[in-house]
Amino acid sequence: MDRISCLREPTEDDMVLTHQTMMADEEAIQELHSEMNILYSMLERLRLQKDKHRENIRRARSLLTLARRLPPELLARIFETCAESGWTRAPVVVSQVCSAWRKAAAFPCVWSHLFLDLRSGNSTSKVEFWLRKVQQAPLHITLDIPLESPSLEEVLGLLAPRCKQWHTLIIKSVDSTTVNYILHRCSFPLPALRQLNVITEMESSQGDPVNVPSLQDAPRLSRLLIEQPNLPQWSNFMGVTKLHIVLSSSTLLPPSINATDWIEMLQALPELRDLTLELSKQGSRPYNANTQRAVDLLHLESLTLHVSPEVNGVLLTMRAPALRRLHLRCSSDPLARPHMPSGAHLCQFLESSPCLQLLELYDVDMERTDFVRCFELLPKLEELRLHDSDIADEQMRFLHGHNGHCPNLTRLDFRWCNYLTGSALVDLAQSRLPRDEGDGQVLSTTPTTRRIDEVAVINCLHVKEQDVFGLAEMTVCRLLMRSDEDHCYGRGCCNNERYRQRMRLRHNNKLSERLISDHGSRICIR
């Protein structure tokens, strides 16, 4: 081709030479295509071999996974926990994964939790199938009942012969008439029943409240959860140790909480150890203090009131000498000023509860003088939690030194306390430190007060970063919520992630040194 000039017209010899050259190049391309196809086929064989070895490795690894090595008894317990946590179809789903899981799902305990939504049309067949699977294992039954349920009677007829296996019974219904009917049908012996939950949104059209029967044939019944617009009524629940009452909002005017009804309800629970009263939605409920009587709860150890401030008056109707934990939480919007009756009621209640170890006031504020009175009445207090409180430095000084109030106090949790300064917390922790030879003062006897082991400060306006580091020199300083069980976790009011992130960026070196130190002091920031 180089012999052909582009400056003249091609001759016949040039044209012949050009065609010969093109044919030679085409033959060369065909040969190259053939070689490439050979190489492609070799590459594909090698790729298939590689994939085969990878699949062999995957299968070999699958034989060594924890799921394959778990004994079926442990797998069955995991499946049961899945169903217990609310995954209602867990037993059916896991039994279709593999033979090993199908073997574990054959354990009767996996089918112990029976969730029945009577809105669906296959409730009866589901009960029959479930009862075959559960055999003689304990039954935890949840009935979710609409206003009209044609299959209810048939379902109860299938469950009644297994009444000796009932360990938990949860009844959910919009109408109280249906709930009362089911409770009336459950008059047969329930020897294994341990927990009863009754949840209804409103009273019936006839105005009948939910009446929980005495259930004298349920000797092991120890836990009650009642959610309804009004206080429950019963004659005697001798063995109940845990009671949780949720007063739900009604379409009608919410009924008032009468002190007499509250006392009569508690008098039927002589063994009560854990009591909770709360309002289902944010708001208030009128309280009628129509009696001066009080009930003695000799075994009560934990009390939680999540109510509007005026309902804190129920504290005057109880005497709990063995109480260890008290949680007062406001269900309505925080007041712009201290609620004087709440402080007076709390102080009067604490006079009969000298063994209290944990006090939490969540959006329940009171006069500062009432704080001092509470400190005087709590010689065994170990933990104090305040949320949106007006407590100030002056009240904290009553906890100072080896002769201060609350000598057993070791844990503090302050959130949105905008009148409290960080220097006051530093001074408190400093005053509670044990004296040693380095101070030139040696105690001849054991100190009368314990040191502060932990201080939590979240969204407190006058607690500065230098105060946080000052506290970390003497104790654990926590800047975040305790865990997902923290009351603020669901509300999202104390998620100070941005503050903690800025602090990490500004003081990264200091934090790395102080996160864990020899004497146990540190900053909990993650």
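This is a predicted model: local features need pLDDT of at least 70, side-chain atom pairs count only at pLDDT 80 or more; totals for chains, interfaces and linings use all residues.

Visitor: What lines the second largest cavity?

Guide: Rolling a probe the size of a water molecule over the atoms shows where empty space is left. A cavity is a set of points, on a 1 Å grid over the protein atoms alone, where a 1.4 Å probe fits but cannot get out; lining residues have an atom within 4 Å of a point. In this case the lining is L156, L159, A160, W166, I182, R185, C186 and F188. Helix 7 (152-159) and helix 8 (176-185) each give two or more residues to the lining of the second largest cavity. Helices (H or I, at least four residues) and strands (E, at least two) are DSSP runs, numbered from the N terminus.

Visitor: What volumes do the second largest cavity and the largest cavity have?

Guide: A volume is the space filled by probe spheres set on the grid points, which are joined across faces, edges and corners. The second largest cavity comes to about 40 Å³ and the largest to about 80 Å³. The structure has 2 cavities of 30 Å³ or more.

Visitor: Which residues line the largest cavity?

Guide: Among them are Y362, R385, L386, H387, D413, R415, H487 and C488. That lining divides into 4 nonpolar, 2 polar and 6 charged residues. Strand 14 (358-362), strand 15, strand 16 and helix 15 (487-491) are the elements that give two or more residues to it.

Visitor: How is strand 16 placed, and which strands pair with it?

Guide: Two strands pair if DSSP finds at least two bridges between them. Strand 15 (residues 383-387) runs parallel to strand 16, with 5 bridges joining the two; L386 has F414 as its bridge partner. Strand 17 (residues 454-458) is also parallel to strand 16 and joined to it by 5 bridges, and R411 is bridged to E454. Buried means under 20% relative accessible area, exposed over 50%, and partly exposed in between (1.4 Å probe, protein chains only). Strand 16 (residues 411-415) has 4 of its 5 residues buried, so the rest of the structure largely encloses it.

Visitor: Which residues of the largest nonpolar core touch the most other members?

Guide: A nonpolar core is a set of buried Ala, Val, Leu, Ile, Met, Phe, Trp, Tyr and Cys residues joined through side-chain atoms within 4.5 Å. Of the 118 residues in this core, L159, W166, W262, L303, M318, L326 and F414 touch the most other members. Apart from it lies another core of 5 residues, including Y362, I458, C488 and C494.

Visitor: Is H306 buried or exposed, and what does it touch?

Guide: H306, in strand 11 (residues 302-307), is buried, with a relative accessible area of 15%. Contact means heavy atoms within 4.5 Å. Not counting residues up to four places away in sequence, H306 touches L277, E278, L279, R329, C330, S331 and H487.

Methods:
Residues are numbered from 1 along each chain as its sequence is written. Side-chain values use heavy atoms; hydrogens and water are left out. On a 1 Å grid over the protein atoms alone, a cavity is a set of points where a 1.4 Å probe fits but cannot get out, and a pocket is an open set with protein on both sides within 12 Å along at least five of seven lines; lining residues have an atom within 4 Å of a point. Ala, Val, Leu, Ile, Met, Phe, Trp, Tyr, Cys and Pro count as nonpolar, Asp, Glu, Lys and Arg as charged, and the others, Gly among them, as polar.
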